[in-house]
Each structure stands twice: as C-alpha cells, then as structure tokens.
Amino acid sequence: MTETAPDHGLTARHLLRSAGAATLATVMEGGAPFVALVTPAVAPDGTILLWLSTLSAHTRHLTAEARCALLAAGPAADANPQTAPRVSVTGIAEQVDDPALKARWLGRHPYAALYADFGDFSLWRITPGGGLLVGGFAAAHRLRAADLAPPAEAVAALAEAEADVLAHVNEDHADALAAIARHLGGGEGAWRMANLSPDGCDLVRAEEEVRFMPFRQPARTAGEVRDALVTAVRAARAAAA
C-alpha cells in the first residue's frame, strides 16, 4: 500500500494556529535585529494576526520596515529542546482595520478583551512569504508561501458556513466539545467553538483557556468539518473510557 506523503504545510499551519505565543523578529533603525514576544492568531487564509501597541518597540520597527519573521514552537518530545517541533515564517507586515479579523484574534485570545479597545492598540497582519518547518531533531523542511496557505476554495466555503457551524455546535453539542477539549489537555467546564478554519478550530473555556483542535486534512465543506468533529469526539470518548 502506498503511503501518503506528509503534508509539511499543514503541519506548519497547525503549529502556527496552536501557538498561544510566538517570537517576532523585526528590524531596528540601522539594520540591527530585534526580537519580542507576541500573541498571534491565524486568519482562515493563513495570514498571521497580531494585536500590537504603538508603545512597543517592535510596532515602531514594523511601521518603518515591514519585513519581519515569526517563530512558533510546540512542546519538546523529551528533555532536549531540539526535539520540539517549530516553524519560522518570513513575511511582510501591514496594519489593517478589519473588525472581523480583530474578532478572530480575540477568539484566540479572549483574555485580551480587557485591553482590546485601548486607543494605542491596532491590528497587524503578516503575509507569509516562506518558512522553515523543523519537525524535531534533524528534520527540516523548506516551505513556500503556498504551503502556508490553506486551499483558497476551502477558505471561501468555510467563511460562508462558519457562523452557522459555530451556532449549531455551540448550541447543540456542548458535551462533544467538552470531551474533545479534555482530550486535548483542557480543563473541566463549558467549552465553545470560537473560530473555524480549514485547518481546525479554536475551543475556548471561560474566556481564559484555549485549545486548538487540528483537522487531519484541510476541511473543504461544513460536512467535512462535521466528519472531523465526529472522529475527534469518538477518539476522545474512547480514550476516556
């Protein structure tokens, strides 16, 4: 039987979408590099969203020089940090004024509602130009811009279906969401789906705990999202039995 080749782009997108924090590299005046901790979210099309204060040095850097890079990492497999999967992305940043994208960023970082309307904050979007996925020790894969973006037709289809999917799942399948979230390491309590993309969905509890549920392959329709959720809840309940 022929094995399916690994989808390194999907793996990289899963890492980016599951990252609660990441390292942003910017260019200082004079060309020196600068790094800062940021809290990213990822739009359905794979662009990276940041909610940044004008008081921050890295925001001033991006205003002057849009080129940047971002590093997101998962947990290490053992005591050696080099076993951690990680993805670094290079791209171009721009300031955007889009309430829907701001809401998506807040869906990933609900605690930030406390300062989301401060006047010195604004939304920035990084369009990836390429990247490097390291799946662990000595497992590196170059990525093109196309690898870091889900299929465009899937993005469009799920954008149209997202509101209905979230309403249905949150109203009728709270128990299933809670089971999936616990299986992903989440705590007890009421969970809801906050964001949906072809690559997976964000589950949120009490506006403070978030778990990303990855899909095994990009979902292109609401029906495929349903199938992914059914598979996930069956696995969660089997593991808990």
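The side chains of D227 and R226 meet in a salt bridge, 3.7 Å from N to O. Here, a salt bridge means a side-chain nitrogen of Lys or Arg within 4 Å of a carboxyl oxygen of Asp or Glu. Keep in mind that this is a predicted model, where local features need pLDDT of at least 70, side-chain atom pairs count only at pLDDT 80 or more, and totals for chains, interfaces and linings use all residues. Residues are numbered from 1 along each chain as its sequence is written, and side-chain values use heavy atoms, with hydrogens and water left out.

- Side chains of opposite charge can pair when their charged atoms come close.
- By the salt-bridge rule, the count comes to 14.

**R13 and its partners**
- R13 pairs up with D199 in a salt bridge, and the closest N and O atoms are 2.9 Å apart.
- R13 sits in helix α1 (residues 8-18) and D199 in the loop between β9 (191-197) and β10 (200-205), so this pair ties together parts 186 residues apart in sequence. Helices (H or I, at least four residues) and strands (E, at least two) are DSSP runs, numbered from the N terminus.
- R13 and D199 are both buried. Buried means under 20% relative accessible area, exposed over 50%, and partly exposed in between (1.4 Å probe, protein chains only).
- R13, R17 and D199 are linked in a salt-bridge network.

**How open are the others?**
- E207 forms a salt bridge with R192, with the closest N and O atoms 3.1 Å apart.
- E207 is partly exposed at 40% relative accessibility, and R192 is partly exposed too, at 31%.
- Back at the opening pair, D227 is partly exposed at 44%, while R226 counts as exposed at 54%.
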